[in-house]
Amino acid sequence: MISSRPLLASFLNGIPLLQYFVHWILRRAMMFRRFLSGGSRGPSPMQPQHVGQKELNVLDMVLRTTPPGNPEAVLDAIDNYGWNSDFLMNIGDRKGAILDKALQKRQPQVAVELGGYIGYSAVRIARQLPSGGKLYSIDPNANHVHIARAIIQHAGLSDKVEVIQGILETSIQVLHQRGVRTIDFALIDHVKHLYLKDLLVLQKNGFLKKGSVVVGDNVLTPGSPEFRKHIQSDEYATVEHLTNVEYSNYILDIVTVSEYKGREGPQ
């Protein structure tokens, strides 16, 4: 007769592990639900501006654990936090590799980012800009802007990045004051329902020229179907990269890389 005691002991010993696993799944699901419901890298201009404790934790962790002037160490530290501590709305390391390849191919002198969050993608872009290259990172959230500037400065890239607080429409004047009339590269990674609207703002104000590259993140999840449809038009040559949501092995996403073929100048 087989004793039931070893089986019972194994079952009881496995309960804490099961509880931990269920707690981890529920916690990640709640974080991702907030990501889906917000669908942004910052609030809309009409929403209250706030910053969560985790963003402050990331800033503190970066400043404490990474050497100044080392962009790769900053990126690795933030990625480690996103994978192992708490969900972050960065493009992340896996999708970041797609962004890296697009940057390496285009070698932009002038780049614009819509949705800077805490500065991860700004660091990722700026570290690859050629000599004299400049990134303008636009975000409406004052607290995120503060954190992004601190992280970018710690990475030693403040000379290559200007963080602008605001939305695209209010930032056009700033870009013009900086002498920016056209851009070589754009990363769109902010409020999903604004993707198409802001892409058209870039087009109609003449910022896009033949050969300008536009990268869109989270085009599948949470998704931006109108934007996705538009970049499949004859004005763009678009490649879709099927991948996973940042810091996830299971949830599918798409990053788009589009080369603008349309007319130059205001439209």
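**Briefing: salt bridges, helix packing and surface features**

At 23% relative accessibility, Arg-127 counts as partly exposed. In this predicted model, Arg-127 forms a salt bridge with Asp-100, with the closest N and O atoms 3.3 Å apart. This pair links distant parts of the chain, as Arg-127 lies in the loop between helix 5 (120–126) and strand 2 (134–139) and Asp-100 in helix 4, 27 residues apart. Asp-100 itself is buried, at 8% relative accessibility.

**Other salt bridges**
- The structure holds 14 salt bridges.
- Glu-246 and Lys-95 pair through their side chains at 2.5 Å, N to O. Glu-246 lies in the loop between strand 6 (236–244) and strand 7, and Lys-95 in helix 4 (residues 92–106), so the pair ties together parts that are 151 residues apart in sequence.
- Glu-246 is buried, with a relative accessible area of 1%, and Lys-95 is likewise buried at 1%.
- A salt bridge of 2.7 Å, N to O, joins the side chains of Arg-178 and Glu-162. Arg-178 is in the loop between helix 7 and strand 4 (183–188), while Glu-162 is in strand 3 (residues 161–165).
- Arg-178 is partly exposed at 40%, whereas Glu-162 is buried at 19%.
- Salt bridges with shared partners connect Glu-72, Asp-100, Arg-124 and Arg-127 in one network.

**Helix packing**
- The axes of helix 7 (residues 168–177) and helix 8 (residues 195–204) come within 11 Å and cross at roughly 30°, which makes the two helices roughly parallel.
- The crossing of helix 7 and helix 8 is right-handed.

**Surface**
- Leu-220, Leu-242 and Leu-252 make a nonpolar surface patch of about 280 Å².
- Leu-252, in strand 7 (residues 252–260), is partly exposed at 45% relative accessibility.

Conventions
Residues numbered from 1 in each chain as written. Predicted model: local features only at pLDDT ≥ 70, side-chain atom pairs only at ≥ 80, totals over all residues. Heavy atoms only, no water. Patch = residues over 30% accessible without salt bridge, like charges linked within 9 Å, V, L, I, M, F, W, Y side chains within 5 Å. Areas by Shrake-Rupley, 256 points an atom, 1.4 Å probe, with all protein chains shown as cover. Salt bridge = Lys/Arg side-chain N within 4 Å of Asp/Glu carboxyl O. Helix = DSSP H or I, 4+ residues; strand = E, 2+ residues; numbered from the N terminus. Buried < 20%, exposed > 50% of the residue type's maximum accessible area, 1.4 Å probe, protein only. Axes fitted to C-alpha atoms, helices over the stretch in contact; angles between N-to-C directions. Parallel < 35°, antiparallel > 145°, perpendicular 65-115°, else oblique. Left-handed = near helix turned anticlockwise from the far one by under 90°.
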